[in-house]
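Subject: Structure handover

Hello,

Here is the structure I promised to pass on. Please open it alongside this note; my findings follow below.

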Amino acid sequence: MTSTANRSTTRSLRTLGLTGGGLALVLAGALLPSASAAPGAGHSTGHDTGSWAESAYRGAVDVVRGPDGDQQTLDGVVFVDRDQDSEQDRHERGLRGVTVTNGRDVTTTDRRGRYELPVFDNMTVSVTQPRGYQVPVDDDNVAQFFYHHLPEGSPELRYGGLEPTGPLPDEVNFPLAKSSLTASAAQHCLIGGDIQTYDLDEVEYARNGAFADLAARTDYTGCGALFIGDVVGDDLSLYPQTRELVSMLNGPARFLPGNHDLDFDAASSEHTFDTFRAALGPEYYSYDVGKAHVVALNTVEYKAGTTYTGSLDERQLEWLRNDLARVPQDRLIVVAAHIPLLDYADEGSSRHQVAQVKEIYELLEGREAIALGGHTHSIENLRAGDSLQGWSDVLGVDELPFTHITAGAISGDWYSGTVLPAGYPAALQRDGGQPGVLTLDITGTRVKERFTVRGEDDSHQMALGVNTPRYREWFAAHRSDVGSAPEYTDPLVVSQADLADTTWLTTNFWMGSTGSTVTAALDGGKAVEAVRTQPMQGEGQKVGAEWSDPVAVQQQLVHGGSVAERSMHLWRLELPADLAVGTHTAEVTATDVHGRAFTDMLTFEVTG
């Protein structure tokens, strides 16, 4: 599916065991990723993969049953749990200056580690993990930093919701363990978009894919993994299986809800995420690692009998104001959400972006910040100053004030397409990107982002193809035949007539952005700079065959899925019309905004 095949065809054929008729599994002239690649290579922390299982701080929030005589005020202590038994002993001190919230009001602990918060029904009280400490995790590695208060429990819901919590407990106490990992200014924060399993088969696809990769990585142990929504695909009974998947991780797991995590039968918006909360945790919260303050938002608003939209309700906005007010100015703010604040894929849609985006920008003005989103099943790396016509028209935003990254999806394009030998579908995404996970490599307040394709190491960053008039004719004839189009044959064969009528060498550089460059050297000659198809300078989306990724489209039209006919990270170079008949090579170097260069090779043939 990528240019890796053209770089090392013989090696890949042996790895996959593809010969003769087996080449039907080859995607659009380039081979499937090798199942033997080493995921995340070069990013170990030095701990072996068994060290997390042996040393993880396992425990729970200490809920001291009462009932409390004062049912209007919740109190408790945040303490250093030296013996890691989740209960404060006489020799264990309270921790001063730690943020605790009820989801609206925000306070900090006093010199003894104590806090008080006003009470209301259906609130979640949670602690903001401070730098240098770690909240406990349960046996499935899910972070434990919260307590739900819903005395009567959820109304009757298909998937159960929250059980009655009864009267307010006497205390809710939050244990913390000291952690050199979260104290470090160097952090590696894993971001997983849209696991979105609709059935048990798809749970196994996720297990064989991204989660097998993550089980082999140890670089994210301190910051952990944040899964940013659409944890399942409407069937909330699959939450236990998702919990079992994160038990494979080498670090703490946290979750955000997406539009497919809803209790659709809830009669009011107050209870639309009760089952999510019962299984996985709060709808929104914050935590600190190194010099980063992660703000995890619920950007999905749903009212019974209508449809969801991208929005924050007033309670969450009040919490966000209060939370950010307590964060020092020298911290990096990482804003994570399911529906992105703004994105490329849905640039003209108010429903799929966040209505309060301008207010959030105002709250973050003057701060170092980065925004993360999922939802779109695409990869996007949008930088400060980027602009699209639809943002201005729909949400009144002329240009981005800081980096926005859409993290791609673990499920890729909803587990569509050819099932690969490694035990998961190709699932190429709307932008032509392959499924995988995002990692933020943070040093102080500086961020370098990297996307790791499922089953590959970090050198695999692009797909190379050829966009010819013959391809564009095939595209036009079969655009409406998604999943049933005839195979596009000989995708890397170009006639001299097609060269005379505009043929491009295409590079889909998945983490490419404004500030990135792509160059190509033909047949060992001088490298020439390719042109980005979507410059992000206030124009609208460019859509259609000439703006598409031919490598991805040739898989998608034949085997199903979305169609990669628009992208903000596609570059193309017009091939010379006078190329001689015969075999030619193109050495392509893509350099990202941080100066990291990736090189790949494409071999194609010119015919008379």
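**The largest pocket**

The largest pocket has a volume of about 440 Å³. A pocket here is an open set of points on a 1 Å grid over the protein atoms alone, where a 1.4 Å probe fits, with protein on both sides within 12 Å along at least five of seven lines. Grid points are joined across faces, edges and corners, and the volume is the space filled by probe spheres set on the points.

The model is predicted, so local features need pLDDT of at least 70 and side-chain atom pairs count only at pLDDT 80 or more, while totals for chains, interfaces and linings use all residues. Residues are numbered from 1 along each chain as its sequence is written, and side-chain values use heavy atoms, with hydrogens and water left out.

Back to the pocket. Its lining has 24 residues; a lining residue has an atom within 4 Å of a point. Ser269, Glu283, Tyr284, Asp313 and Arg315 lie nearest the centre. By type, the lining splits into 8 nonpolar, 10 polar and 6 charged residues. Nonpolar covers Ala, Val, Leu, Ile, Met, Phe, Trp, Tyr, Cys and Pro; charged covers Asp, Glu, Lys and Arg; the others, Gly among them, are polar.

Three elements each supply at least two lining residues: β6 (123–127), β15 (300–301) and α8 (314–325). β6 gives the most, with 3. Helices (H or I, at least four residues) and strands (E, at least two) are DSSP runs, numbered from the N terminus.

**Confidence**

The mean pLDDT of the chain is 91, and 92% of its residues reach 70 or more. pLDDT is the predictor's confidence in each residue, from 0 to 100. Take care with residues 1–50: the pLDDT there is below 50. Beyond near neighbours in sequence, this stretch has 105 contacts in the model. A contact means heavy atoms within 4.5 Å.

Phe276 lies in helix α7 (residues 274–279). Its relative accessibility is 0%, so it counts as buried. Buried means under 20% relative accessible area, exposed over 50%, and partly exposed in between (1.4 Å probe, protein chains only). Leaving aside residues up to four places away in sequence, Phe276 touches Val231, Tyr239, Phe255, Leu256, Pro257, Asp261, Gly281, Pro282 and Glu283. Gly161 is 115 residues from Phe276 along the chain, yet their C-alpha atoms are separated by 7.5 Å.

Strand β12 (residues 253–256) is covered on both faces. Ala253 and Phe255 are buried on one side, Arg254 and Leu256 on the other. β12 runs parallel to β11 (residues 225–228), joined by 4 bridges. Two strands pair if DSSP finds at least two bridges between them. Leu226 stands opposite Arg254.

**Strands β2 and β5**

β2 and β5 run antiparallel, with 5 bridges between them. Val77 has Arg114 in β5 as its bridge partner.

**Backbone points to check**

- A cis peptide bond joins Gly66 and Pro67, with omega about 5 degrees. Pro67 sits in the loop between β1 (62–64) and β2 (73–80).
- Asn122 has a positive phi, near 60 degrees, in a residue other than glycine. Asn122 is in the loop between β5 (114–118) and β6. Asn122 is buried, at 5% relative accessible area.
- Asn141 also has a positive phi, near 75 degrees. Asn141 is in the loop between β7 (133–134) and β8 (146–149). Asn141 is buried, at 1% relative accessible area.

An open sheet of 4 strands has the order β23-β25-β29-β28, with antiparallel pairing. β23 (462–467) and β28 (531–532) stand at the edges with a single partner strand each, so one side of each has no neighbour in the sheet. β28 pairs with β29 (residues 570–574) over 2 bridges. Val531 has Arg572 in β29 as its bridge partner.

Helix α13 (residues 550–559) is mostly covered, with 9 of its 10 residues buried. Among them are Pro550, Val551, Leu557 and Val558. The buried residues of α13 pack against β23, α11 (469–478) and β25 (504–509).

Best wishes
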